[in-house]
Amino acid sequence: MTDQTPKRVLIVEDEVLLAMYLEDLLTGLGHEVVGQATRIDAAIKLARESDIDFAILDINVAGTKSFPVADILRQRSIPFAFASGYGAEGFPDGYRDEPALRKPYAQEDLQRTIARVFADRPPV
């Protein structure tokens, strides 16, 4: 059974128009974007402090990798997916099994990724 509960989502994306497009896709699927970060320092703060169910992390945020943000989310048991123009190829060890969305985003891929992440988790 797939969890259809709306999620509170954090977006980490340095391209403002792409972040806006992703927010539109997420709200169109019934989710709520509760935070956006265009820089890693802001993303780290949001990852530590925000009440979120899920996050989408651009791999390369203004020249800095988002892995420290992923580590915080893991510590908090908050699922996430990476976003990249290249997909999961080239992810370092420890991150290769994480879900990856390929840019540009397609609503069906986003929906499928969120469903996959929450398929084995209890509803929030």
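**Entry 1. Salt bridges at Arg 8**

I began with Arg 8 and Asp 51, whose side chains meet in a salt bridge at 3.1 Å, N to O. I then noted where the two partners sit: Arg 8 is in strand β1 and Asp 51 is in the loop between α2 and β3, so this pair ties together parts 43 residues apart in sequence. The model I am reading is a predicted one.

I looked up how open each partner is. Arg 8 counts as partly exposed because its relative accessibility is 29%. Asp 51 has 52% relative accessibility and so counts as exposed, the cut-off being over 50%.

I found that Arg 8 also forms a salt bridge with Asp 53, at 2.8 Å, N to O. Asp 53 is in the loop between α2 and β3, and Arg 8 in strand β1, so I recorded a link between distant parts of the chain, 45 residues apart. Asp 53 counts as buried, because its relative accessibility is 5%.

**Entry 2. Asp 58 and Lys 103**

Next I looked at Asp 58 and Lys 103, whose side chains meet in a salt bridge at 3.0 Å, N to O. Asp 58 lies in strand β3 and Lys 103 in the loop between β7 (100-102) and α4 (107-118), so the pair ties together parts 45 residues apart in sequence. Are Asp 58 and Lys 103 buried or exposed? I have both of them down as buried.

I returned to the shared partners and saw that salt bridges join Arg 8, Asp 51 and Asp 53 into one network. For the whole structure, my search gave eight salt bridges.

**Entry 3. The two sides of α2**

I listed the buried residues of α2 as Ile 40, Ala 43, Ile 44 and Ala 47. They lie on the same side of α2, because they cover an arc of only 100° around the axis. On the face turned away from that buried side I found the exposed residues Asp 41 and Glu 49.

What covers the buried residues of α2? I noted that the cover includes β1, β2 (32-37), β4 (60-61), β5 (64-65) and α3. I checked Val 69 as well: leaving out residues up to four places away in sequence, Val 69 touches Ile 40, Ala 43, Ile 44, Ala 47 and Leu 57.

**Entry 4. Nonpolar cores**

I turned to the largest nonpolar core, which has 22 residues. Within it, the residues touching the most other members are Val 12, Leu 57, Val 69, Leu 73, Phe 80 and Phe 82. The elements giving two or more residues to this core are β1 (8-12), α2 (40-49), β3 (54-58), α3 (67-75) and β6 (80-84). Which element gives the largest share of this core? I found that α3 does, with five residues.

I also recorded another core, lying apart from the largest one. This other core has 17 residues, including Val 33, Ala 83, Leu 101 and Tyr 105.

**Entry 5. A surface patch**

Last, I looked at the surface and noted a nonpolar patch formed by Val 16, Leu 17 and Met 20. Together these residues have about 320 Å² of accessible area. I placed Val 16 in helix α1, which covers residues 16-28.

Key
Residues numbered from 1 in each chain as written. Predicted model: local features only at pLDDT ≥ 70, side-chain atom pairs only at ≥ 80, totals over all residues. Heavy atoms only, no water. Core = buried A, V, L, I, M, F, W, Y, C linked by side-chain atoms within 4.5 Å. Buried < 20%, exposed > 50% of the residue type's maximum accessible area, 1.4 Å probe, protein only. Helix = DSSP H or I, 4+ residues; strand = E, 2+ residues; numbered from the N terminus. Contact = heavy atoms within 4.5 Å. Patch = residues over 30% accessible without salt bridge, like charges linked within 9 Å, V, L, I, M, F, W, Y side chains within 5 Å. Areas by Shrake-Rupley, 256 points an atom, 1.4 Å probe, with all protein chains shown as cover. Salt bridge = Lys/Arg side-chain N within 4 Å of Asp/Glu carboxyl O. Arc of directions from axis to C-beta.
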